[in-house]
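Open the model in your viewer and get ready to select residues by number.

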Amino acid sequence: MTIEKTALLPVSADEAFALITQPDRLRRWLAISARVDLRAGGEFRWTLTPMAVAAGTVTEVDPGRRIMLGFGLEQSGRPRTDTVTITIEPAEGGTLVRLIHQGLPEDQVQDVLEGWTHFFQRLERAAVTGDAGPDEWAAAPADLNPLTSANATLAVLQHVLRGISEDDLGKSTPCTDFTVGRLEAHLLGSLTSLTSLAGSTLVPASAGDLESRIAGAAQQAMETWMERGIEGTVQAGPQELPATIAASILSVEFLVHAWDFASATGQKVAVSDEVATYVLGLAEQIITPEQRERVGFDPAIPISGNAPAMDRLIAFTGRAT
């Protein structure tokens, strides 16, 4: 079966094409993480929400005019032969973007139509403002586990990072002796280590702004962990560590450092209470008294149990709210 969506965007055809093909633009309306090898035969992978990943092959590209994708959802658990064709046409008032999604299983039509309707509304917003803002579909996954939580908190972090310029790298953060730039290096180091624990090697970006540098590294870490899963143990130096604990570190790193980056640059963290509460529970498992002293966390700061979950998480890590 087939569905179709259109959007009239007040931008040029080249800008519209960039919005639907470039990872740094896709992250502003469609995906938490996006990887696209923009050539016939290249692969693409979009983490649409914490629980939904679209992936497949680019089958045809006409730059500025058309892209065709062999499309499937990783979590569907069954082979898919969908094709998604997106065309770009100059029109009065801007550029018309038309999406045709063909080959859908009948029982998937309504859900897929709802999804494209949601994301095309965000595309229209991003074309006007440059960023559609936090996506409510990424805010509170129905099934919270260390990996869906990591995707949800990565979305939170990336939204904060988009508000930071290269001129902000020298600003102080709540982390002792860490500027924004040094906190970036710390987070990239953590992602490199966590990717290694899951069995792969992280390749850092050689260019791009702060958000794209961290987004690229975080995507590699998340893809590695989502492929590996959280069963069994991983080797962390001389000791074995439960994989579920190692994967849980991602959420803590993403959310706590989102707060650090936001505090350094006068921003607020937009996170659901459900996710913040879940990450607090992960932090309480990871930051044991022994670990707190070994890795340099300050003592937890007393705070009311009725305080918002994000404030309790930050206080638990030794930061004053």
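In which helix is E253 found? Select residues 243-264 and you have the answer: E253 sits in helix α7. Keep in mind during the tour that this is a predicted model.

**Stop 1: a charged side chain**

Stay on E253 and show its side chain. E253 is buried yet has no salt bridge. What does the side chain of E253 make a polar contact with? Select S190: its side chain is the partner, at 3.4 Å.

**Stop 2: the largest cavity**

Next, we look for empty space. Rolling a probe the size of a water molecule over the atoms shows where empty space is left. In the whole structure, the search turns up two cavities of 30 Å³ or more. The largest has a volume of about 50 Å³. Colour them by class: ten are nonpolar, with no polar and no charged residues. Then highlight residues 109-129, helix α3, which gives the most to this lining, with three residues.

**Stop 3: the second largest cavity**

Now select I20, T21, V36, F44, W46, V58, I67 and L69, which line the second largest cavity. Two or more of the lining residues come from each of α1 (13-21), β3 (43-49) and β5 (66-73). The volume of this second largest cavity is about 30 Å³. How many nonpolar, polar and charged residues does its lining have? There are seven nonpolar, one polar and no charged residues.

Key:
Residues numbered from 1 in each chain as written. Predicted model: local features only at pLDDT ≥ 70, side-chain atom pairs only at ≥ 80, totals over all residues. Heavy atoms only, no water. 1 Å grid on protein atoms, 1.4 Å probe; cavity = no way out; pocket = protein on both sides within 12 Å on 5 of 7 lines; lining within 4 Å. Points joined across faces, edges and corners; volume = space filled by probe spheres on them. Helix = DSSP H or I, 4+ residues; strand = E, 2+ residues; numbered from the N terminus. Nonpolar A, V, L, I, M, F, W, Y, C, P; charged D, E, K, R; others polar. Buried < 20%, exposed > 50% of the residue type's maximum accessible area, 1.4 Å probe, protein only. Lys, Arg positive; Asp, Glu negative; His and termini not counted. Salt bridge = Lys/Arg side-chain N within 4 Å of Asp/Glu carboxyl O. Polar contact = N/O pair within 3.5 Å; in protein donor to acceptor, adjacent residues only side chain to side chain.
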